[in-house]
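Here is a short report for a reader new to this structure. Look at the sequence and the model, then read on.

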Amino acid sequence: MKRNPFLALTCLALACLAPAGAAAQDQPTIAKDSVQLTAFTFNVYKGNYDVWSWAPRIEFRVNGPISSGGQLYVEVSQPGGAAPWVKFDCPTEETQAGRWWKTTCGARDIPEDKATTATGPVNFAIKLRNELAGSDATLFKGRAKVAKVLSNEHGPKAANKFVYFVDHDWNMPIGYVYLTPDDLKGWDRPILNVSFWVRGDAYNFKPHLFYQGKEVGKMFYEGEEVGKASCESEVENNTTHYVAETVPQKAKWARVRCTFVNVRGHDRTGEEPGMFGALYQLDKNPGEYEVKVLWNNKLARSVKFTVAPGGKFDNGVASANKLGSDRVIVPVQILGDQDGAWDKTAWKTDAFYGNPLTGFNMP
């Protein structure tokens with residue numbers, strides 16, 4: 001097993017254990033922060049290769065149970081209207097309570113002749129039917145904004161070769177703080193992670209953790225830093241085709257995960273410190289924390305969170321909004337101009353595809 005970007009564990013079958021402390025439930029639910037709806041661009045429209053079109057692609061995670069005979073599927077309305085457009089099944093497996101199932105569907109699973117050139121707001125629903133039980137339930141309803149930009153192709157036939165994308169600006173001020181299990185010691189010594197969104201190419205990040213104004217979580221051995229914190233993209237909502245060079249941030253959004261290997265939620269192993277010294281423990285240092293992130297060597301993000309005595313840092317926002325995962329939702333301050341111009345109010349109405357957050361406020 002290896003660490004999972006969402007919940008720390010992943011399995012070959014993708015029907016995996018829920019996070020530590022998560023209670024088993026009677027009905028399946030969607031983990032809201034796992035839903036990613038994007039536009040898949042076809043380089044053809046009704047047989048005309050001089051006009052491009054699109055169809056939806058979606059990935060999401062379902063917290064079990066999914067009973068025997070259950071089938072996940074997605075319905076999407078016409079762009080700009082409420083009329084039905086496409087309906088498609090998603091790979092589904094029976095999943096027990098306390099475990100979860102991740103799936104991806106749409107895109108090329110949808111026939112090209114069903115693709116459209118229309119853009120605008122799109123309503124969609126994730127559903128679960130069961131022919132054996134005679135049931136059909138809606139698990140999640142959402143709304144996405146689809147737009148288009150010119151491709152990087154040139155010439156007289158390039159005028160209608162548009163690349164389509166879903167606007168994810170609502171994600172920008174929403175961040176996550178969470179723990180993942182240690183590869184050897186599991187949840188007895190979990191690792192601190194912080195995630196946030198960026199617009200553009202997601203690389204060259206340097207995270208730093210501060211407590212009471214001083215940087216913590218840094219360790220050195222013979223003059224060399226060991227266990228250095230690092231970041232990598234865990235979700236990339238990119239276009240399927242190259243876009244024109246003039247398109248801001250290339251119509252890309254990415255969720256970046258920063259992992260602080262030297263910072264642990266707690267240590268219940270009973271082991272003595274290793275050769276590099278004791279790991280930093282949040283439960284022994286309650287109070288205010290701030291993560292500052294350098295992006296291309298420029299200060300780009302500030303994420304603040306509070307650790308209570310005992311090590312907990314849940315602020316109640318995730319549970320109030322039935323996030324469906326063990327992540328804690330925190331506001332993110334976007335600094336500098338590397339993200340370009342973005343809609344700073346989108347989160348108020350469009351968060352989680354039209355499911356605004358209760359109790360979430362920007363400082």
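## A buried tryptophan pair

Trp85 counts as buried, because its relative accessibility is 13%; buried means under 20% relative accessible area, exposed over 50% and partly exposed in between, with a 1.4 Å probe and protein chains only. Trp54 is buried too, with a relative accessible area of 1%.

This is a predicted model: local features need pLDDT of at least 70, side-chain atom pairs count only at pLDDT 80 or more, and totals for chains, interfaces and linings use all residues. Residues are numbered from 1 along each chain as its sequence is written, and side-chain values use heavy atoms, with hydrogens and water left out.

## Aromatic pairs

The structure holds 17 aromatic pairs. Rings of Phe, Tyr and Trp (its six-membered ring) pair if their centres lie within 6.5 Å; planes under 30 degrees apart count as stacked, over 60 as edge-to-face and the rest as tilted. Helices (H or I, at least four residues) and strands (E, at least two) are DSSP runs, numbered from the N terminus.

Trp54 is buried at 1%. Phe124 and Phe140 form a tilted pair, because their ring centres are 6.0 Å apart and their planes are at 40 degrees. Phe124 is in strand β8 (residues 120-130) and Phe140 in strand β9 (residues 135-150), 16 residues apart, so this pair also links distant parts of the chain. Both Phe124 and Phe140 are buried. One aromatic cluster takes in Phe124, Phe140, Trp170, Phe352 and Tyr353.

## Charges over rings

Which ring has Arg61 over its face? Arg61 lies over Trp100, at 5.3 Å from the ring centre. Arg327 lies over the face of Tyr176, at 5.2 Å from the ring centre. A charge sits over a ring if NZ of Lys or CZ of Arg is within 6 Å of the ring centre and within 35 degrees of the ring normal.

## Backbone exceptions

Most residues other than glycine have a negative phi, and most peptide bonds are trans. Lys46 is not a glycine, yet has a positive phi of about 50 degrees. Lys46 lies in the loop between β3 (36-42) and β4. At 60% relative accessibility, Lys46 is exposed.

Phe352 also has a positive phi of about 50 degrees and is not a glycine. Phe352 lies in helix α2 (residues 346-354) and is buried, at 3% relative accessibility. A cis peptide bond joins Gly64 and Pro65, with omega about 25 degrees. Pro65 sits in the loop between β4 and β5 (70-77).

## The sheet and its helix

In what order do the five strands of the open sheet run? The order is β6-β5-β8-β9-β10, with antiparallel pairing. Two strands pair if DSSP finds at least two bridges between them. The edge strands, β6 and β10 (162-166), each pair on one side only. From one strand to the next, the twist averages 30 degrees.

Five bridges join β5 and β6 in the antiparallel sense. Glu75 stands opposite Lys87 in β6. Helix α2 packs on the sheet and touches β8 and β9; contact means heavy atoms within 4.5 Å. The direction of α2 makes about 115 degrees with that of β9. Axes are lines fitted to C-alpha atoms, for helices over the stretch in contact, and angles run from 0 to 180 degrees between N-to-C directions.
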